[in-house]
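Subject: Structure handover

Hello,

Here is the structure for you to open. My notes on it follow below.

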Amino acid sequence: MSLHAQDDPGLRHAQEERLRAAWKPPEGWLRRWTDVNNNRVGVWYTLTAFAFMLFAGVLALIMRTQLAVPENDLVGPNTFNQLFTLHGSAMMFLFAVPMFEAVSIILLPQLLGARDLPFPRLSAFGYWSFLIGGIFVLGSIFFNAAPDGGWFMYPPLTTRTDLSGLGADIWMLGLSFIEVSSVAAAVELIVGVLKCRPPGMRLNLMPLYAWYILVVAVMILFAFPPLIAGDVLFEMERLLGWPFFTAEKGGDPLLWQHLFWIFGHPEVYVIFLPSIALFAMLIPTFARRHLLGYPYIVLAAVGTAFLSFGLWVHHMFATGLPKISLAFFSAASQAVVIPTGVQIFAFIATLAAGRVIFSTPLLYATGSLAIFVIGGLTGVMVAIVPFDWQAHDTYFVVAHLHYVLIGGTLMPLFAGLYYYWPLVTGKKLSDRMGRTAFWMLFAGANLAFFPMHLSGLMGMPRRVFTYPSELGLGGLNLASTLGAFLFAAGVLVVVVDMALSPPRAKAKRNPWDAGTLEWLAHPDDEDWGIRSVPLIETRYPIWDQPGFVAKVDEGRFFLPDAEEGRRETIITSVLDARPVAVLRLGTPSFVPMLTAIAVGGVFILTTYHLYWWALASGVVALGFILRWLWSTAEIPEKPCKPIGHGLELPLYIAGPQAPGWWAMFITMLADATAFSGLVFGYFFFWTVHTGFPPPGAGPGAAWPMIALALTAASWGATLAARELHRRGGVAPARLLLGAGALLSIGSVGAGLAGPWLSGLDPAAAAYPAIVWTLAIWTAAHAGIAAIAQLYALARSLAGRTTPSHDADVGNVTLYLHFLLFTAVVAYATIGLFPEVA
């Protein structure tokens, strides 16, 4: 249908009614829980992360009250350890990262002119995983079972069950479950940015927020999986006694520090860059001009991400590493200042070159930059090794960390809150209350944390629950406590401002007169969002494209109708955003929530050593996942659909153009990164122990090579099945898929036979433990391959996969590519490396 026909008001009304019907939310409170509209899921996500932040803040106030005066006895040492462990864990794992993901789930569809992100059910699964894991971890403190080993959980204190109780398992397994939701959100955001942009929005026309989120989501794929690998080793030592971190059995506690900080320092930038992204959106609005230095800001964001992965030893200068390593990581720690400075100076230059309209969001932005710069300066100081040796584990580091996190994360989020509140609720927050809160927050942050620089230099160690009065630190600590309560009062003013918002009058549409796509939203919009998907010609289309808003509202662009009553958006090409297909989005369903509950059951039941129940929960989770997948990639009732302006797009695509293919590829990248963490562990032991591998030990080469051969044969069968299937050879393709599944099952047995028949006892030493871990990891993935191959076979037998609708076979083949890579590396390492050594 040509869009010119939409001049007819009656036709336009009928189209709007179809859109309204397609996006109508479920009725009733229970059914609403099943809704997968990303805007609604994002709001739940944001509110939950904000609630966890408030909880962590209360824990911090109790700690500051304990430290306000010397030799205080408000709480004991065990309770204090639980408080600071949960405070740090909640702020880093349950607030900072989930909050950016939650905000992005709300903003990205609006910024990209999309009706939704490509996998709304995946977003819902991520939210439920986050909620369950967060309640499990934070709720432990009410039962005196909270983790008490610090948010970093250094072994051997935490891996020895006689020194740490159930809290360490709650921390490790609960947060591992939350990391699953973070990776799920990263998959959703990456595919959303790459494949759901509106026609014409080439990569160099993307809003900077989308660039930042793309960079950060990719960072998650390479930062979080090493921690997942560390979690696997950690729990195997705690639950099974496999000595990865026990020095007397060939392990090394420094392995945990490496795996943790490979995650931990990039995470600082994972939470900092999205906050800078908010500046990139609001500063042009209030400067009334395009942001200066767009390409340089993009390159700086990428450079910051790249350098952040070379900084993890920044936290390990005091562990006795070689001096050449200290010099390299010290230089990298200082070099990261350069791309960070480029971004900040670009924002300042934009304000200087524009006609600044001062506002509450801009007040928070400028104040947060001031606080962050102070934290950055002290970061350069602790990047210098001799100074770090003096300041390490003192309150100077606590001050640096909190200046960076408050200036680089919390205050920018408040800026974004005041800026985007009208977009989400249709109401503006109070400028008077917002500015009052800002000055309380700004003064409170400096009063709380600046004295910590002095107390740290005077010798106050971090993580102590009290201190003697003879140190002369009572005045500085009292000032810090007063500052913390002033800061908390500022947060309370913001909360009250939000609570008073609903009765206020509706704000006008686009109240800040911004130029980017998210402000197409109207306070009275229906759930389906914008009227039509626009054609983009500039970075600020509302400012630069004549009549842009009216054309969107009148349905004069693409996909203005819901002819079949389905939730739909447009899929475009990665580089130049050419329309490729119409994507039908997930509908409301209980399955994501039930899947999250079942997967959570695996982690929670394992915590209490209920292994058979955990296995049963895993089987249930597998059933829900298969049910979930079965309803995707449906064969449409017609091959193509008109989207306007004489264009027709297919309703089904497969291969690299399809969002599902990208989701599989990105997930496998994360999986391969976690696997690389385990391989890193193997070669780390080889570098630090002269007797690794022990002479004559190992599973031998025969069984690992047999397992590798079977995996390669399974890969070949699946690849041949895909090619035959595309050419119409359905029957032989089915036979090859079945044969591939049998070969994958065979590789499971062969992979485990090597360490089993060679008599390797994983509890005896680190070498057999790491060999068994690599073998189990690879065998488990081969087992998943068998399930995937049988699933593709079942889809074909049920008529849900055909030669022209073969996304399932293609995605399974892609998984087999990664499995073959895993098998080559794992079996060569455990089967051949001892012989080579």
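Domain bounds here come from an automatic or database domain assignment. On that basis the protein is divided into domain 1 (37–499) and domain 2 (664–836). Their C-alpha centres lie 36 Å apart.

Before the details, two points on the source. This is a predicted model, in which local features need pLDDT of at least 70 and side-chain atom pairs count only at pLDDT 80 or more, while totals for chains, interfaces and linings use all residues. Residues are numbered from 1 along each chain as its sequence is written, and side-chain values use heavy atoms, with hydrogens and water left out.

**The two domains**

Contact means heavy atoms within 4.5 Å. By that rule, 23 residues of domain 1 are in contact with 23 residues of domain 2. The area buried between the two domains is about 2,000 Å². Carbon and sulfur atoms give 80% of that area. (Buried area is the accessible area, with a 1.4 Å probe, that two parts lose on being put together, summed over both.)

**The cores**

Buried means under 20% relative accessible area, exposed means over 50%, and partly exposed is in between (1.4 Å probe, protein chains only). A nonpolar core is a set of buried Ala, Val, Leu, Ile, Met, Phe, Trp, Tyr and Cys residues joined through side-chain atoms within 4.5 Å.

The largest nonpolar core has 256 residues. Tyr 212 and Tyr 364 touch the most other members. Helix H8 (residues 254–287) gives the most to this core, with 24 residues. (Helices are DSSP runs of H or I, at least four residues, numbered from the N terminus.) Domain 1 and domain 2 each supply at least three residues to this core. A second, separate core has seven residues, including Ala 114, Ile 571, Leu 583 and Leu 585.

What does Tyr 364 contact, leaving aside neighbours within four places in sequence? Its partners are Met 411, Phe 414, Ala 415, Tyr 418, Gly 434, Ala 437, Phe 438, Leu 441 and Val 494.

**Helix H20 and its cover**

Helix H20 (residues 611–630) has 20 residues. From first C-alpha to last it reaches 28 Å, close to the 28 Å expected at 1.5 Å a residue. (The expected span is 1.5 Å times one less than the number of residues.) The buried residues of H20 are Ala 614, Ser 617, Ala 621 and Trp 628. Seen down the axis of H20, they fall within an arc of 60°, so they line one face of the helix. (The arc is that of the directions from the helix axis to the C-beta atoms.) The face turned away from the buried side carries the exposed residues Trp 612 and Val 619.

Helix H5 (120–138) and helix H19 (591–607) are among what covers the buried residues of H20. Ser 129 lies in H5. Ser 129 is buried, with a relative accessible area of 0%. Leaving aside neighbours within four places in sequence, Ser 129 is in contact with Phe 177, Ser 181 and Ala 596. Arg 121 is also found in H5, and is buried at a relative accessible area of 13%.

Helix H24 (residues 766–797) has 32 residues, of which 24 are buried. Gly 799 follows H24, with a positive phi near 80°. His 817 is in helix H25 (residues 807–831). His 817 is partly exposed, with a relative accessible area of 30%. Not counting residues up to four places away in sequence, His 817 touches Trp 715 and Leu 719.

Best wishes

Note on methods. Helices (H or I, at least four residues) and strands (E, at least two) are DSSP runs, numbered from the N terminus.
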